[in-house]
Each structure stands twice: as structure tokens, then as C-alpha cells.
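Subject: Handing over the structure

Hello,

Please open it first and then read on.

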Amino acid sequence: MLSAIKKIFAFLSIFLLYFVVKEFIELYVLISSVNTYAGYIFLVILLITTIYFVLVPLFRIIKLPVYPPPVNDEKDVDELITTRLKHFYKKDKNLDAKFNGKVISDHEKYDLIISNYSAKTETLRKEYVNRVFYSTAISQNGFLDALFVLFATINLIKDIFVIYNGRMTVKDFIRILKNIYYAVLIASSEGVEYAADELLTKLLTDTVKGVPFVTKITGSFADGYVNAALVTRISLITENYCAKLYIKNEKDLFPGIGRVIKINNAILIDIARKINQELSNSIKNKIIGDTGGGIGNPVRYIFSKVYREDSPSASKNEKTGILSGFLNIFSNFKK
């Protein structure tokens, strides 16, 4: 039975991989049709960004020391805590100073350190999830979606490992790379937007729902939502590996869909409300659909209103984000 399931997954992965390649070829042909040299520039940019966002982070991960993994026997938890504390002290020899001179047990030390690392991880996750949501919502190209998810997951994992000053064992890391591979394939599928479309449209008012082009906009946002959830899930797997002490089996490292959606919603709920408000205002004032910026790419127009220049999100996602600059290049070619 298990063998049959693996064969089905293998077939589906090959099937989805076909769409990734197809989207890549279509994008390359489209750019080349504008100018032959533009096609070559596209390939060069693709190569450089892949090296920078994938190979360089992977090299940095490999250079990190191996992090002590969770144990499968509760009797080994105390020993694991001692091992991990030694690991943490190698990173920061002044850890004791952060306990305010209190004499506390190793368990309490471990909990305080992990709590601090978890807070840093949560901040990172918000940045990456918002970036993926933004980029994949406006890219409207399966290959670019896959690329952004790949870049984000590899770099987020690297940043989490840097926080904990350690990486997974080779066996465990290969397993998480498989999850990234599946996430990339799912991100490239145009059908993912239907999975979250109903969820996001619940946030829309009746006035907004009545406008024809809104379906396309909410579909793009739903696409971004699903891709962001894929990044959220992989970040949680990585964090569980680094924070959990005891697991019954490997499945304990994988978060349930309910937890992934809950965390994803918590990260994106504010922007979803702002999107709803901007859609309502734009429709009320008849902005989208006129000769303004909304006619070319209404999704980009709404985001330009949501990510205002005076907001932190704008500076991270629009003004200085390398991924967003990468996206803008291809958007201009598509136009």
C-alpha cells in the first residue's frame, strides 16, 4: 500500500514538473519574442539569482555544525538538553549573563533560550511569508511563483539554522528538501488559487463581490495565500526540528494543516483587511478600470496602495526587496 502511494506521488510530481517547465518555456519565448538579447539576459539573470538565492544559502547551511536532533525516547531528553545547551554556549559564551544572575536549572535555561529563538524565528517567518504573498500574488506566472517559493524557503531555512547555529543531519535535510520540491511544484500549479479563493472572498463585502474583475484579483490573492502557506509549513517543520526535544516519530515534526492555516492567517489577516478596504475604495471611486495604474495590473495597483511608502512592509517588499525587483523586470517584459 505504501509503495503504491509513493508511486502515485512520484507520478504527480512528474506531472506537476511538466507545468513548471512549460511555464518557463512560455516565459522565455515571450521575452525572446520582444528581443532575442532580452531572452539571453533573462537566462543570465535567472542563473545569477539562482546561484545567489539557492546555491549560496545551501553552501552556508552545509558549513554550519550539525544540530542535535529530537530524541525518540523520553529518557534521553535530559541528555539532549545538556547537549543542546553546550551547542548554544558555543555560539554565545555570554549566555549566563542573559539570565540576570539567577541560578536556574538546565530545563529553565533551555526554555528561555528556545523562547528567544522562537521569537526571532517568528519575526523572520512574517517577513518571508509577506514577501511570498506579495510576489506570487502579482506575478501571475507559475514558473515565477515556483521560483519565489524556492528562494524564500531555502533562505528562510538558512536563517532559522543560523539562529540555532546548526543544521539538520544530511538524512533529515534531504527530507526537508523534498518538502521544498513539492512546495515548488504546488506553487507552479495554476489550480492552487482555487484552494484558498473561497476563504479570502469571505473577507470581501457584497459591494466588492459584485464587480466582474474582482474574481481575477481575489484569485491572484488566493494564489499568493496558498504559496505563503507552503512557506509557513516548511518553516514550522524546520523550527520543530530545532525546538522539540522529544518526538514519538517523524510525523511529529510535520504541523497539521489547521496549525499552518492558523499561523498563516495571523500573519496575513491585517493585509487581507487592507486589501478589502482598498478594493472597496477603488471601486467606490471608480479608480480601477479607468486609465490609471489599475488597468494594466489591478493586483499590483491594489498592492501599491496597501504597501504604502511609509509602512515597514513597503520598504521590505517593494523598495529594497531584491525579489520584488526581479519580479518587476519580468513584469515589464510581459507588458
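Two or more residues come from each of helix H1 (2-34) and H6. Tyrosine 181 is in helix H6, and with a relative accessibility of 35% it counts as partly exposed.

Before going further, a word on the basis of all this. This is a predicted model, in which local features need pLDDT of at least 70 and side-chain atom pairs count only at pLDDT 80 or more, while totals for chains, interfaces and linings use all residues. Residues are numbered from 1 along each chain as its sequence is written, and side-chain values use heavy atoms, with hydrogens and water left out.

Buried means under 20% relative accessible area, exposed over 50%, and partly exposed in between (1.4 Å probe, protein chains only). Helices are DSSP runs (H or I, at least four residues), numbered from the N terminus.

Glutamate 79 belongs to helix H3 (residues 77-91) and is exposed, at 55% relative accessibility.

Now to the salt bridges (a side-chain nitrogen of Lys or Arg within 4 Å of a carboxyl oxygen of Asp or Glu). The whole structure has six of them. Arginine 125 pairs with glutamate 122 at 2.7 Å, N to O. The two are three residues apart in helix H4 (residues 106-139), so about one helical turn separates them. Glutamate 122 is partly exposed at 24% relative accessibility, whereas arginine 125 is buried, with a relative accessible area of 3%.

Arginine 125 also forms a salt bridge with glutamate 239, at 3.2 Å, N to O. This pair links distant parts of the chain, 114 residues apart, with glutamate 239 in helix H9 (residues 214-243) and arginine 125 in helix H4. Glutamate 239 is buried, at 9% relative accessibility.

Another salt bridge joins glutamate 250 and arginine 175, whose closest N and O atoms are 3.1 Å apart. Here glutamate 250 is in the loop between H9 and helix H10 (257-284) and arginine 175 is in helix H6 (residues 170-188), 75 residues apart. Through shared partners, salt bridges join Glu122, Arg125 and Glu239 into one network.

What about the rings? The structure holds 14 aromatic pairs (rings of Phe, Tyr and Trp, the last by its six-membered ring, with centres within 6.5 Å; planes under 30 degrees apart are stacked, over 60 edge-to-face and the rest tilted). Among them is the edge-to-face pair of tyrosine 67 and tyrosine 164, with 5.8 Å centre to centre and 80° between the planes. Tyrosine 67 is in the loop between helix H2 (36-63) and H3, and tyrosine 164 is in helix H5 (residues 142-164), so the pair ties together parts 97 residues apart in sequence. Tyrosine 67 is buried, with a relative accessible area of 0%, and tyrosine 164 is buried, with a relative accessible area of 0%.

Phenylalanine 133 and phenylalanine 221 make a tilted pair, 6.4 Å centre to centre with 35° between the planes. Phenylalanine 133 is in helix H4 and phenylalanine 221 in helix H9, so this pair ties together parts 88 residues apart in sequence. Both phenylalanine 133 and phenylalanine 221 are buried.

Finally, have a look at helix H11 (residues 298-306): seven of its nine residues are buried, so the helix is largely enclosed by the rest of the structure.

Happy exploring!
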